[in-house]
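Trainee: Please pick one part of this model and look at it closely. Then carry on from there in one connected account.

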Amino acid sequence: MDQVANFDLFASRLADRSEYFSAGHRACQGCGEALAVRLICKALGEETVIANATGCMEIISSMYPTTAWGLPWIHVAFENAAAVGSGVEAGLKALRRKGRIPNREVKTVAMAGDGGTMDIGLQALSGAMERGHNLLFICLDNEAYMNTGIQRSSGTPMGASTTTSPAGKLSYGQKTWKKNMPEIMVAHRVPYVATVCPSYPIDLLNKVKKAKEVKGPAYIHCFSVCPTGWRAASELTIALGRLVVETGIFPLFEVEDGKYRFTVKPDTLRPVKDYLKHQGRFRHLTPDVIEMIQQGVYHEYNKLQDKVDNLHAWSELRKKPHAR
Amino acid sequence: MAKRVGMEVAIAVAEAVGMCNVDVAAVYPITPQSHIAEHLSDIVADGRTDTEYVTVESEHSAISVVIGASGTGARTYTATSSQGLMLMHEILPIVSAMRLPICMAVANRAVSGPLNILNDHSDIMPQRDAGWIVMFTENGQEAIDLSIQSFKIAEDPEVMLPVAVNIDGFQLTHMVEPVEFPDQKAVSRFIPARKPYAMLHPDTPVTMGAFAMSDIYHEMMMVKDEVLKNSKKTILKVWDEWAKTFGRRYKPVETYRADDAEVLLVTMGSMGETAEVAIDELRKKKVSVGLVKIRLWRPFPFDEFRHVVRKAKLLIVTDRAVSFGGPGGPVHAEIKAALYHDKHRPAVHDYIIGLGGRDVRVSDFVTMVERAIKDRRKSAVKDYEFYGVRE
């Protein structure tokens, strides 16, 4: 951990100084997503086209006639960022082949929130990944429908109180475990899948750069702290992004050619309570629910550890199976 | 003169599209559009056109893919029908608002429920207010010609709007008809590669599809209306050029033996040809009747329509969709709105016919005309009625 922390001191030197996502947009104070997008754009560089789903990011950045985007950018609707991105990729490919645009590699990137990725956008995403477009999809996961007023999504964590999974006399809030999107993407044989969080900027920059180089589909799941929706202090954005990794709730890892690897590995996991206690959305939780969440986090973490320890790269498995 | 060939209309439409140097096509198969989807992929697989064909997982993604591609400056095409068009519905007004010249064939089919795969116009009518140019075809030749013309109209810098070409499902898409294809070189001259107004490319980092609130949305909608209305000038220009180049002339409102007729039958789509035969039969019986066929549904050709019906005393409108709980059929409502301020206002009788593939024969048109004339004599013209309901 010390090593990672030291690296972060030099983050400003390692990141591109150019800004492709300008200040002056309308994000809330302490928005982890805006920070993530700023870093993502730095890692992507200017040879990029972005297709953005409806949601916080689109609303805060594109209020007509202003725009925060220094990169070519298109927004169409909520559930179709992956399909629009597929079309951008196909269009650039055809025009390049026909000599109507310069003969250069341009990366197409689609972005959506957790709802636009895991819920309403899942079909379009599955289609795009299955077809194998040269497309990087980035999920900006702030764990609920924040833009419409903090309603639960399938990315909302167990126990969180949202406006449609409220805590009450008969309820402790969200009653389901967060959908495992990276696993769903690995199951699509996506050659590069990774999780990132802007509280670990070097890790984020490295992974986005790596995903950009993939000549095919890639998926990055970005944990985006939302002080407004989580009822947390806005100055805690970076700290919460670190705590979620240190508790093992949101491990930072990558799956390259089917091979799992932790990129940030805490020596021991901190108790989930350390992360939950700063957030109003978890304030109502009783010790038994917190214990249930703790056990759930251990279970998921162990499953991931097992994959890291035991799964082989897909390229090592290209051989005839043993006879039984 | 090009050689006439016998060909299924859906196949002919795909062949025509294959002549148009389409950069990206995204098509999701649905009956009765599926032969367009299949044959276009054949043409791409054989290398007869240089097109990226994206095999999407839904119609919603089909229209979304062609939006993204059109944003890069590519010429784009899709085709759908019925439930597929309904699934696209959310995205259709966004295409016109973004001024993207996407061309689409609609193989018209009834919408569920109950599930029905046969022909009527209940799929395109709910898309009426999406801000697209919407045209209807009557036969295979028109389907070929309008499919090619649609790219030139859509991509014209004065227009930059999407175009939907309606081809009646089965009744037209699955008919084998004698058609002729224009010469490839002439088509390439007629529609050179698209010259986009803006392109999604790092050399021109534009923002497309921005967010707009009440301070500007209202004005944007007014512009959309103006642009769609103005597109008629370009449509007429393109049809004129088509007539000069390829010899076939198209008009927003077509007529058949209508000049001296007291009674005018109004159709839209493939039934026009059946109705023509009925007109001939009625004329033999000395009934003063003619036919008006609406080709251009949006922008609605108000002036042209008023002109062709200026001498008629009775209009018998046929509708192949229902505006439930409203004025009957949508075509009829449009026509009444067109005539409201006219000094000369003929009686208008609306028949709802041929829903869900119900056959409408020559004898049905004859019966409709005779019955409407009789009703008018008794001053018993109905606003609308469902024709041929089984008792």
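Mentor: G132(A), which comes just after helix 7 of chain A, has a positive phi of about 75°. Helices here are DSSP runs of H or I with at least four residues, strands are runs of E with at least two, and both are numbered from the N terminus. This is a predicted model, in which local features need pLDDT of at least 70 and side-chain atom pairs count only at pLDDT 80 or more, while totals for chains, interfaces and linings use all residues. Residues are numbered from 1 along each chain as its sequence is written, chains are lettered from A and ligands numbered from 1 in the order in which they are written, and side-chain values use heavy atoms, with hydrogens and water left out.

Helix 7 of chain A itself covers residues 122-131. Its buried residues include A124(A), L125(A), G127(A), A128(A), M129(A) and R131(A). Buried means under 20% relative accessible area, exposed means over 50%, and partly exposed lies in between (1.4 Å probe, protein chains only).

Positive phi values also turn up in chain B, in residues that are not glycine. N21(B) has a positive phi of about 50° and is not a glycine. The residue sits in the loop between helix 1 and strand 2 of chain B. With a relative accessible area of 31%, N21(B) is partly exposed. K286(B), another residue other than glycine, has a positive phi near 65°. Its place is the loop between helix 9 (271-284) and strand 12 of chain B. K286(B) counts as exposed because its relative accessibility is 76%.

Loops of chain B also hold cis peptide bonds. The bond from T31(B) to P32(B) is cis, with omega near 0°. P32(B) belongs to the loop between strand 2 (24-26) and helix 2 of chain B. G113(B) and P114(B) are likewise joined by a cis peptide bond, with omega about 0°. P114(B) is in the loop between strand 5 (103-108) and strand 6 (133-136) of chain B.

Next come helix pairs. Two packed helices are described by the angle between their axes and the distance between the axes. Back in chain A, helix 3 (residues 32-44) and helix 9 (residues 201-213) have axes that come within 8 Å and cross at roughly 45°. Helix 3 of chain A is therefore oblique to helix 9 of chain A. The axes are lines fitted to C-alpha atoms, for helices over the stretch in contact, and angles run from 0 to 180 degrees between N-to-C directions. Angles under 35 degrees count as roughly parallel, over 145 as roughly antiparallel, 65 to 115 as roughly perpendicular, and the rest as oblique. This crossing of helix 3 and helix 9 of chain A is right-handed. A crossing is right-handed if the near helix is turned clockwise from the far one by less than a right angle, and left-handed if anticlockwise.

In chain B, the axes of helix 1 (residues 9-18) and helix 2 (residues 34-45) come within 8 Å and cross at roughly 40°. Helix 1 of chain B is thus oblique to helix 2 of chain B. Helix 1 of chain B passes helix 2 of chain B in a right-handed crossing.

Charged side chains come next. Over all chains, the structure holds 49 salt bridges (a side-chain nitrogen of Lys or Arg within 4 Å of a carboxyl oxygen of Asp or Glu). One of them joins D225(B) and K229(B), whose closest N and O atoms are 3.5 Å apart. These two residues are separated by about one helical turn because they are four residues apart in helix 8 (residues 217-246) of chain B. D225(B) is partly exposed, at 40% relative accessibility. D240(B) and K244(B) also meet in a salt bridge, at 3.0 Å from N to O. Both lie in helix 8 of chain B, four residues apart, about one turn of the helix. D240(B) has a relative accessible area of 27% and is partly exposed, whereas K244(B), at 67%, is exposed.

E254(B) and R295(B) form a salt bridge of 2.9 Å, N to O. This pair links distant parts of the chain, 41 residues apart: E254(B) is in strand 10 (residues 253-256) of chain B, and R295(B) is in the loop between strand 12 (289-294) and strand 13 (296-298) of chain B. Both E254(B) and R295(B) are buried. Elsewhere, K93(A), R97(A), D50(B) and E52(B) are joined into one network by salt bridges that share partners.
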